[in-house]
Amino acid sequence: MKNYHSYRFFYACLLLLISVSQAALAQQHPVQASLMLTPPYSVYLADYAIPGSEQLKLHLLLRDAAEADYPVALHLIVEGNGIRLETNPAFQPPPIYLPGGLPIVLSGEDLAPYLAGSPLINPTA
């Protein structure tokens with residue numbers, strides 16, 4: 001049986017910040033991002049990327065309905081008590097294209113390239 005406190009610690013410490021990058025943004029925050037995690041919580045990031053898993057969902061919305069195929073890049077940060085991992089700046093996955101005004105939902109399987117060990121680094125190390 002897995003330790004309940006580990007789950008609670010991981011859930012409390014898992015912080016995914018999504019930043020959107022594109023040159024010359026006309027708006028300060030054109031993309032709205034909302035992350036949903038559902039129990040049971042795992043202490044292993046790879047568990048959230050298992051095909052068919054519904055534990056991790058990322059909702060993205062490009063607020064400008066006039067835009068079409070707006071390319072975004074995600075930046076993942078996981079931090080907690082003395083721990084900080086974030087997406088390596090050298091990691092360049094293909095962009096995610098958002099339709100203007102229409103929400104899209106990404107699953108953990110869609111985010112698997114970001115959750116694998118190699119794109120995550122400890123920036124203080």
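Start by selecting L60, L74, L98 and L106, the residues with the most contacts inside the largest nonpolar core, which has 23 residues. A nonpolar core here is a set of buried Ala, Val, Leu, Ile, Met, Phe, Trp, Tyr and Cys residues joined through side-chain atoms within 4.5 Å. Buried means under 20% relative accessible area, exposed over 50%, and partly exposed in between, with a 1.4 Å probe and protein chains only. The elements giving two or more residues to this core are β1, β2, β3 (70-72), β6 (96-98), β7 and α2 (112-115). The largest share, four residues, comes from β2.

A note on what is on your screen: this is a predicted model, in which local features need pLDDT of at least 70, side-chain atom pairs count only at pLDDT 80 or more, and totals for chains, interfaces and linings use all residues. Residues are numbered from 1 along each chain as its sequence is written, and side-chain values use heavy atoms, with hydrogens and water left out.

**The whole chain**

Zoom out and colour by secondary structure. The protein has two helices and eight strands, and along the sequence they follow the pattern α-β-β-β-β-β-β-β-α-β. Helices (H or I, at least four residues) and strands (E, at least two) are DSSP runs, numbered from the N terminus. Of the 125 residues, 31% count as buried. Among contacts with a separation of 6 or more, 74% are between residues 24 or more positions apart; contact means heavy atoms within 4.5 Å.

**The β1-β2-β7 sheet**

Now show β1, β2 and β7 as a cartoon. These three strands form an open sheet in the order β1-β2-β7, with antiparallel pairing. Two strands pair if DSSP finds at least two bridges between them. The edges are β1 (31-37) and β7 (104-107), each of which pairs on one side only. On average, neighbouring strands of this sheet are turned by 20 degrees against each other, direction ignored. Those axes are lines fitted to C-alpha atoms, for helices over the stretch in contact, and the angles run from 0 to 180 degrees between N-to-C directions.

Select β2 (residues 56-62) next. With β1 it pairs in the antiparallel sense over seven bridges. To follow that pairing, find V31, whose bridge partner in β2 is L62, and then M36, whose partner in β2 is K57. Toward β7, β2 has four bridges, and these two strands also run antiparallel. Here K57 stands opposite S107.

Leaving aside neighbours within four places in sequence, L106 is in contact with L56, K57, L58, L60, L74, I96 and L111.

F91 lies in the loop between β5 (83-87) and β6 and Y114 in helix α2, so the pair ties together parts that are 23 residues apart in sequence. A search of the whole structure finds one aromatic pair. Rings of Phe, Tyr and Trp (its six-membered ring) pair if their centres lie within 6.5 Å; planes under 30 degrees apart count as stacked, over 60 as edge-to-face and the rest as tilted. F91 is partly exposed, with a relative accessible area of 23%, whereas Y114 counts as buried at 6%.

**The β4-β5 hairpin**

Move to β4 (residues 77-80), which four bridges join to β5 in the antiparallel sense. E79 stands opposite R84 in β5. Two residues lie between the strands of this hairpin, in which G82 takes a positive phi near 75 degrees.

Stay here and select I121, which sits in strand β8 (residues 120-121). Not counting residues up to four places away in sequence, I121 touches R84, L85, E86, N88 and P89. I121 is partly exposed, with a relative accessible area of 28%. Draw a distance from I121 to I77: C-alpha to C-alpha they are 9.6 Å apart in space, and 44 residues apart in sequence.

**Last stop: S42**

Finish in the loop between β1 and β2, where S42 is found. At 5% relative accessibility, S42 counts as buried. What does the side chain of S42 make a polar contact with? The partner is the side chain of D47, at 2.4 Å. A polar contact is a pair of N or O atoms within 3.5 Å; within protein, one must be able to donate a hydrogen and the other to accept it, and residues adjacent in sequence count only if both atoms are side-chain atoms.
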